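Good morning. I will take one structure today and go through a few parts of it in turn. Please have the sequence and the model open.

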Amino acid sequence: MSDTSADELLFVPLGGAGEIGMNLNLYGFGPPGNETWLMVDLGVTFNDGELPGVDVIMPDPAFIEERRGNLAALVLTHAHEDHLGAVPYLWPRLKCPIYATPFTVSVLKRKLSETDFADQVEIIEVALGSRFSIGPFDLELVTLTHSIPEPNAIALRTPLGTVFHTGDWKFDPDPVIGEPADEATLSRIGEEGALAVVCDSTNVFVDGSTGSEADILDNLSGIIAGCAGQVAVACFATNVARLETIATAAARNGRDVVLAGRSLQRITEAARENGYMQDVPAFLMEEDAGFLPDDKTLIICTGSQGEPRAALARIAAEDHPRINLNPGDTLIFSSRVIPGNERAIGELQAKFLRRGIKVITAKDHMIHVSGHPARDELTRMYQHLRPQIAVPVHGELRHLVEHAELARGCQVTHAIVNENGGAVRLAPGAPGIIDHVAVGRLTSDGNRLVPTGSEIVKSRTRAMWHGFAVVTVIVDQGEVDDEMPISTSGLLDDEDDPILDEVRLAVRDAIDKLSPGAEQADDLVVSEAARVAARRAFRGLFDKRPITRVHLVRLD
Ligand SMILES: [Zn+2]
Ligand SMILES: [Zn+2]
């Protein structure tokens, strides 16, 4: 029996603190070194182009993987990729039960159905607003508003106090999907006494309130009313509230909705299965698009960030099997520009503009609102909960610092700026960061997970920047042969370019300089001398440092 007086309450984010994306939060309760852990969310982030050949990136769960015997469960706040997208990749390393509300369960099951361990995962469906226990933690879900159904905050009660984990949220008085946030419950939790709030920082630099999803409906309807031909609207597949808004605007204008993109079909199936989107007519599939009159068609498509494999990129390239946009048609971007994607989106829009298709974006009209709280909403949250401690998450460091400042302005005594890996002791005693645990990023590279800092990823990045060269050195009877094939990639247009003779000369010189006996007989010494010489020669020729490999072939 442990001495409960020695128990601690810890918060350790392994992802999502110091960045926006790949959330992984851990709460620990118990005696130091033998805590019971609860994981909240397990998400991915998308490659911003820095790492070639890589699709998604996720937190390295090594810290909790080593303690998985003490990991009681994973609780998912909502169904966005940055909160559950890593489950299909990382669950086999954790093997814990997963708790989620019905819509999130539907989305999760669809994702897991593509793995070979779907039937091994214990999924416990919990109702909105429900209260249940996991190990030493007593959880109460509180429904807030966001851009997807069922955004749950969690009031996490422990013998050392209550932590309120907000998840992603805003206060939307008319969220289109679901009910407005349950502010009465927030006040009640505040009155009971909240020790700490762990809260979304995404929009801490935005003054006022974020704005309501309902405001977009009238604007979109008006724009669509003025369109003659086909209308296409690009948005995030997971923004189910927006899908409903767009569908309602389409219905008001007598247009049928066609979904382009499998992810849209999957998410709307999950939504309808759980009683959402009941007021909008059934959607048509891509294959139906050709049978509708242009002025009765509205196409919703994925790919608003310029993603090369998404429906919109294929429509832009006139490469989509079933959907064509023509001069006079209109394309509306009902989405934000994720920083880093400006160029890809600009190029995508240019392809449509060149073909006489009108492009409307959120810069021209109010057709997008964020799903995250602006400053007035954050202030209202702190007024409801009145915690002693604030730990901002879901933000880059600049967001966390600004959010901590805002929390202090709301009379929160301890506002703690903590990045991934920082172990915060919330209780007992004065709160603060007491340790740093190992963190890292993994990427799904083909069918494997590899650390982003690994040699595999580094050398691929390097090959992208500097090219690649293979020098084959043939040694015949102790002499370097005149023949020295060099293959390059990303360095020269023509592999027979005589400029490569300079590399051959340098390699031969380097080998000749080795001592004739011991050194020249040693394959490792010869290969390394050749590699260093070839690299130096490439650098002299092109001011590039290609990955350079040497194949040594001895004919004697
Ligand atoms: Zn979200
Ligand atoms: Zn998020």
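In what order do the strands of the open sheet of 4 strands run? The order is β5-β6-β25-β26, and the pairing is antiparallel. Strands here are DSSP runs of E with at least two residues, helices are runs of H or I with at least four residues, and both are numbered from the N terminus. Two strands pair if DSSP finds at least two bridges between them.

Before I go on, a word on the source. This is a predicted model, in which local features need pLDDT of at least 70 and side-chain atom pairs count only at pLDDT 80 or more, while totals for chains, interfaces and linings use all residues. Residues are numbered from 1 along each chain as its sequence is written, chains are lettered from A and ligands numbered from 1 in the order in which they are written, and side-chain values use heavy atoms, with hydrogens and water left out.

Strand β6, residues 56–59, and strand β25, residues 441–445, are joined by 3 bridges in the antiparallel sense. Within this pair, I57 is opposite T443 in β25. Helix α3, residues 87–94, packs on the sheet and touches β6, β25 and β26; its direction is at about 35° to that of β6. Helix α13, residues 455–466, lies across β25 and β26 and runs at about 80° to β26. For these angles, axes are lines fitted to C-alpha atoms, for helices over the stretch in contact, and angles run from 0 to 180 degrees between N-to-C directions. Contact means heavy atoms within 4.5 Å.

Now the chain as a whole. The protein chain has 16 helices and 30 strands. Its C-alpha trace spans about 85 × 75 × 45 Å along the principal axes. Of its 556 residues, 55% are buried. Buried means under 20% relative accessible area, exposed over 50%, and partly exposed in between, with a 1.4 Å probe and protein chains only. Among contacts with a separation of 6 or more, 71% are between residues 24 or more positions apart.

Next, one residue in helix α11. Y382 sits in this helix, residues 375–385. Is Y382 buried or exposed? Its relative accessibility is 1%, so Y382 counts as buried. Setting aside neighbours within four places in sequence, its contacts include V197, C199, H403 and V412.

Last, some backbone details. Most residues other than glycine have a negative phi, and most peptide bonds are trans. A427 and P428 are joined by a cis peptide bond, with omega about -5°. P428 is in the loop between β23 (422–427) and β24 (432–436). E150, which is not a glycine, has a positive phi near 60°. E150 is in the loop between β11 (137–143) and β12 (152–158), and at 6% relative accessibility E150 counts as buried. R386 is not a glycine either, and its phi is positive at about 40°. R386 belongs to the loop between α11 and β20 (389–393), and with a relative accessible area of 51% R386 is exposed.
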